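Subject: Structure handover

Hello,

Here is the structure I promised to pass on. Please open it first, then read my notes below.

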Amino acid sequence: MRILLVGAGGVGSAVVGIAARRDFFGHMVVADYDPDRARSAVESVGDPRFVAARVDASDEAAVGALLAEHRCDVLLNATDPRFVMPLFRAALAGGSHYLDMAMSLSKPHPERPYEECGVKLGDDQFALEEQWKKQGRLALLGMGVEPGLSDVFARYASDELFDEIEEIGVRDGADLEVEGMGFAPSFSIWTMIEECLNPPVVYEADRTWFTTPPFSEPETFDFPEGIGPLECVNVEHEEVLLMPRWLDAKRVTFKYGLGAEVINTLRTLHQLGLDRTDKVKAGGVEVSPRDVVAACLPDPATLGERMHGKTCAGTWVRGVKDGAPREVYLYHVVDNQWSMREYGSQAVVWQTAINPVVAMELMAEGTWEGIGVLGPEALPPRPFLDRLTDYGSPWGMREQ
């Protein structure tokens with residue numbers, strides 16, 4: 001397998017570190033708009049299979065030329081969601097397979113944003129499904145941790161743990177702290193603003209998809225391995241758009257344990273208009289307010305040495321098995337001290353990065369295969385979960 005990795009930030013660099021320990025591929029191009037960042041990621045592993053390159057992720061022709069030059073079979077998108085569609089189209093035009101960890105952006109309903117969906121996450125990608133089928137190639141969407149592993153958990157629960165599913169609820173929480181910093185997001189603030197301030201989507205079988213106000217339906221969820229109870233709220237996320245396409249569940253939700261401080265900060269950014277992506281004039285320069293916020297905050301990839309605690313991604317499922325009610329929480333916990341010691345990557349980016357590497361290995365050996373635009377729940381879950389454990393990062397299950 002020959003891979004083009006676009007994006008050498010926190011997640012992309014972690015992909016390099018994880019993949020360097022595996023032998024399923026022969027060549028990986030690590031490409032970024034910042035060539036120094038790409039070179040740094042490559043030099044960190046000292047492996048001749050990796051080469052660095054510069055590319056503008058918004059330039060479909062340039063990405064296509066890089067795919068052709070290096071004869072890549074797969075494009076792995078490790079950029080933020082703004083670049084999903086140009087990279088998705090470049091992979092389609094170049095005849096390669098494609099994976100990402102976040103789907104194409106949504107647009108709120110123009111009149112009823114907190115009741116009805118407008119353009120949903122991934123709609124622009126699913127609109128091109130027939131073209132992917134004609135190419136005989138696979139576009140695997142949302143193959144990070146959430147979405148990604150959370151979707152694999154949902155398919156596993158559907159296949160092996162339940163006869164009927166009432167609700168699938170992704171629940172994410174952490175007790176991570178960054179020394180000396182009051183507000184330091186553990187992943188891209190650009191992405192955090194996008195998913196937390198957009199209208200959250202909920203799926204119910206009798207209504208299909210609908211929206212609610214941001215941070216709605218608060219509940220307390222007790223996270224495992226010492227993290228403990230956290231208040232979780234509705235957030236827009238890909239799983240709610242993916243799972244109902246392949247799994248039979250009466251309700252699907254995504255709730256995030258953000259905490260009051262983060263919620264208040266995000267609300268303040270929104271009230272001040274600092275979450276906007278359209279450019280404004282400031283001192284004779286046109287700039288996006290959200291890009292300014294991102295530039296003022298530390299790069300999440302650099303926070304690992306000052307970060308302590310654990311992060312938990314998981315899928316809670318409620319339903320019936322053998323005529324009796326059942327609830328389980330399938331989860332994956334990463335301790336930041338462990339991920340820093342073993343890989344030099346902070347917990348959140350490492351937890352995201354391991355999943356597309358596992359997926360590509362399964363694709364390379366033919367264990368995971370398909371054509372068209374698919375989500376992780378469209379593929380058999382057990383090989384993925386077994387391989388994740390083989391990578392030294394086991395998952396867990398708790399009966400509720």
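**Glu377 and its surroundings**

The side chain of Glu377 comes to 3.5 Å from the backbone nitrogen of Met243. A polar contact here is a pair of N or O atoms within 3.5 Å; within protein, one must be able to donate a hydrogen and the other to accept it, and residues adjacent in sequence count only if both atoms are side-chain atoms.

A word on the source. This is a predicted model, in which local features need pLDDT of at least 70, side-chain atom pairs count only at pLDDT 80 or more, and totals for chains, interfaces and linings use all residues. Residues are numbered from 1 along each chain as its sequence is written, and side-chain values use heavy atoms, with hydrogens and water left out.

Back to Glu377. It sits in the loop between strand E19 (372-374) and helix H14 (381-390). Helices (H or I, at least four residues) and strands (E, at least two) are DSSP runs, numbered from the N terminus. Glu377 is buried but has no salt bridge. Buried means under 20% relative accessible area, exposed over 50%, partly exposed in between (1.4 Å probe, protein chains only). A salt bridge needs a side-chain nitrogen of Lys or Arg within 4 Å of a carboxyl oxygen of Asp or Glu. The nearest side chain of opposite charge is Arg245, 7.9 Å away. For charge, Lys and Arg count as positive and Asp and Glu as negative; His and the chain ends are not counted. Beyond four places in sequence, Glu377 touches residues including Asp151, Arg155 and Trp246. Contact means heavy atoms within 4.5 Å.

**Ser106**

Ser106 lies in the loop between strand E5 (97-100) and helix H5 (123-126). Its relative accessibility is 11%, so Ser106 counts as buried. Its side chain makes a polar contact of 2.6 Å with that of Glu236. Another, of 3.3 Å, joins the side chains of Ser106 and Asn198.

**Cysteines**

The whole structure holds 0 disulfides (cysteine sulfur pairs within 2.5 Å). The cysteine sulfur nearest to that of Cys232 belongs to Cys312, 9.7 Å away. Cys232 is buried, at 0% relative accessible area. Cys312 is buried too, with a relative accessible area of 0%.

**The whole chain**

The protein chain has 14 helices and 20 strands. Of its 400 residues, 56% are buried. The C-alpha trace spans about 55 × 55 × 45 Å along its principal axes. Among contacts between residues at least 6 apart in sequence, 69% join residues at least 24 apart.

Best wishes
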